[in-house]
Amino acid sequence: MAGKGACVIVGRLAHKILKDRPHVINIFVHASMENEANRVAARDKLSMDEALKKVKHINSERAAHCEYFTHTKWNDATNYDIAIDSDLFGIEGTAERLTDMIHSLQKS
């Protein structure tokens, strides 16, 4: 997809796969465990305890997958151009700020 034009790739170890391509911006969005679990609980209709277990399990799998295939740490901010805490602005606000940053980088 990246060879065909502008695109957004969520996950999929793109920070490593696309590392040698020009005009790539790698972004890591993170949040507190509590906020992640709240979103999962609401989305999946789970108790808070179940949601916390699910978030911990999924994040652990993401970290193991990333380390196995790329030999990098999934949540290490140095692997990304931008790391942002979505707790600060909420999901929509974070998306807006990232969009503004990307547009600003494209102009420079």
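**Aromatic pairs and cysteines**

This structure, which is a predicted model, holds three aromatic pairs. I will go through two of them and then turn to the cysteines.

A pair of aromatic rings is described by how far apart the centres are and by the angle of the planes. Take Phe 28 and Trp 74. Their ring centres are 5.4 Å apart and their planes stand at 80°, so this pair is edge-to-face. Where do the two residues lie? Phe 28 is in strand β1, residues 27-30, while Trp 74 is in the loop between α3 (48-70) and β2 (82-85), so the pair ties together parts that are 46 residues apart in sequence. Phe 28 is buried, at 9% relative accessibility. Trp 74, at 22%, is partly exposed.

The next pair is Tyr 68 with Phe 69. Here the centres are 4.8 Å apart and the planes are at 85°, so this pair is edge-to-face. Tyr 68 is exposed, with a relative accessible area of 62%, and Phe 69 is exposed as well, at 52%.

One more item on rings: Phe 28, Trp 74 and Tyr 80 form one aromatic cluster.

Now the cysteines. A disulfide is a covalent bond between the sulfur atoms of two cysteines.

Conventions. Residues are numbered from 1 along each chain as its sequence is written. This is a predicted model: local features need pLDDT of at least 70, side-chain atom pairs count only at pLDDT 80 or more; totals for chains, interfaces and linings use all residues. Side-chain values use heavy atoms; hydrogens and water are left out. Rings of Phe, Tyr and Trp (its six-membered ring) pair if their centres lie within 6.5 Å; planes under 30 degrees apart count as stacked, over 60 as edge-to-face and the rest as tilted. Helices (H or I, at least four residues) and strands (E, at least two) are DSSP runs, numbered from the N terminus. Buried means under 20% relative accessible area, exposed over 50%, partly exposed in between (1.4 Å probe, protein chains only).
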